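Thanks for coming. I will keep this short, so please look at the structure on the screen as I go.

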Amino acid sequence: MKSPTVLIIDDEPLMRLSMEDALRAVGCDVRAAATGPEGLAMLEQAVSDIVVTDLRLPGIDGLTLLQAAKQRSSRTEVVVITAHGSVETAVGAMKAGAYDYITKPFSMDELLLIVERIGKVLALRQENLLLREELEGKFNFEGILGKNERMREVLDKVKLVAMTDSTVLIAGESGTGKELVANAIHRSSPRRDQALIKISCAALPETLLEAELFGHEKGAFTGALKQRRGRFELAHKGTLFLDEIGEISPVVQVKLLRVLQERQFERVGGNETIDSDVRLVCATQKDLKKEVQQGRFREDLYYRLNVVPIQLPPLRARREDVLMIAEHVLQSRAARMSKAVKGFSQGSREVLLRYSFPGNVRELENMVERAVALCRPSEDIQAWDLCGMPSCSYLGGPQQEGCGFCSEGLTGKRAVPASRSDVVDSLAAAREQFEKQYILSILERAEGSRTMSAKILGLSRKALWEKCKRYGIPSNRSSSEDEDE
Ligand SMILES: Nc1ncnc2c1ncn2[C@@H]1O[C@H](COP(=O)(O)OP(=O)(O)OP(=O)(O)O)[C@@H](O)[C@H]1O
Ligand SMILES: [Mg+2]
């Protein structure tokens, strides 16, 4: 990564100059301001990777600058300088989103150490960003994301079949992306400039569906006040997407078979034969083969529709796609809501990776959208933002009705609600559960720094270390200050 840009805001000239020199000497690109208002103006001029600001400043104080810097860019990391003995203000700044604080008097080495650590965080973030861009470019076809092997095969097939006029039958559970695939086929086909007409066969009763598909003549049935063209006519030279094809009645099945065989049809109540040039894409949640075996679906029609079958795997069978799709949804919804959201916390990633998503990608989308709406601005999405409940059984609280995590459990499929072992049966146990969650959340906010976490929690490092040991919280070895533990 290129050297970080640093903005220093301090009213003490000697201190400011020393910091400027020290940071320049290690290759940082440094700007400096002597007052709050000057600092604010510089913040607005350009985004800095790091802002180092004194908390007590003439004009505008450091806390306000911290907030302004975060608002300008949630990626800017802020280090605040506090007077000796004012731990409370430092904790306040940490809570407001500062990365770290440094107490006067301090040596330049201390400052450089913090800046170096932030540099590592920034580099990691940059790496993630590149990875994200790469993933989205390489593993994204017409908005269908997937790096799972089966999804790669599906996408290869979609690309190939799009070039032809063959009828496609897309099968998959609800929310697996059947309509998305149908859109992709049309959009990358030679018919892309013509219409893509869609109809859900489950939404209409038999007679209405027939009239919708083939149109009707004036007076064909009660209420048919004028002639109307059907979806086959509207889709002429384009693509017709028949959703929930497994739901059509035997009568409509016969009519459909005829269009497919003869490429001709008549409107309901009409004699005129109409030629049809339509590319058919169908989708079903049902296993059509089974429907044939059980006599509910015509075998001859099945073979006509199943020319190119595309089977979409459920999301639980392609877990490697979960985070990529989640990240993609986060970006799109955050942009739509004009809300700065950092990313997913470690805890929330784990939740996403362990959950089985019975509603597939649609459920994942809704979950992330809700989390983007609920999470605190400029912060990471937490597990409880995904759940949408203030505290569900996963998070140590009570069982919540309507909560997917609660009803299914996160450690695999659990048919019954919370098992006995989930019930907290004593105040002490409840307190411990809460304490563990609380420590974990503070550690996460302090990016694994135990020194910082101990300060925020009001504990000595030793006391925190003992609690972590008791609760089985592993130490974060990447944090250099903890290496002596
Ligand atoms: N691989 C994917 N990458 C990105 N988004 C996806 C993917 N699959 C599905 N989605 C999104 O999930 C949502 C549901 O997809 P879609 O409507 O295509 O599912 P479906 O299989 O037709 O579901 P249903 O059977 O309930 O109609 C859509 O918003 C779609 O954009
Ligand atoms: Mg659908």
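First, the ground rules. This is a predicted model, in which local features need pLDDT of at least 70 and side-chain atom pairs count only at pLDDT 80 or more, while totals for chains, interfaces and linings use all residues. Residues are numbered from 1 along each chain as its sequence is written, chains are lettered from A and ligands numbered from 1 in the order in which they are written, and side-chain values use heavy atoms, with hydrogens and water left out.

Now the second largest pocket. A pocket here is an open set of points on a 1 Å grid over the protein atoms alone, with protein on both sides within 12 Å along at least five of seven lines, and lining residues have an atom within 4 Å of a point. The second largest pocket holds about 570 Å³ of space, a volume being the space filled by probe spheres set on the points, which are joined across faces, edges and corners. Its lining has 26 residues, and G175, T176, G177, L180 and V361 are the closest to the centre. By type, the lining splits into 9 nonpolar, 9 polar and 8 charged residues. For that count, Ala, Val, Leu, Ile, Met, Phe, Trp, Tyr, Cys and Pro are nonpolar, Asp, Glu, Lys and Arg are charged, and the others, Gly among them, are polar.

Next, ligand 1. Around it are 17 residues, of which S174, G175, K178, R362 and E365 come nearest; being around it means having a heavy atom within 4 Å. Polar contacts are pairs of N or O atoms within 3.5 Å. A backbone N or O atom of L145 is 2.9 Å from a nitrogen atom of ligand 1, and one of L180 is 3.0 Å from an oxygen atom of the ligand. Alone, ligand 1 exposes 630 Å², and the protein buries 85% of that; these areas come from the Shrake-Rupley method with a 1.4 Å probe.

How many cavities of 30 Å³ or more does the structure hold? There is 1, a cavity being a set of grid points where a 1.4 Å probe fits but cannot get out. The largest cavity has a volume of about 50 Å³, and its lining consists of F232, V259, L260, R263, S276, V278 and L280.

Last, the backbone. The peptide bond from K104 to P105 is cis, with omega near -10°. S338, a residue other than glycine, has a positive phi, near 50°.

Terms used. A polar contact is a pair of N or O atoms within 3.5 Å; within protein, one must be able to donate a hydrogen and the other to accept it, and residues adjacent in sequence count only if both atoms are side-chain atoms.
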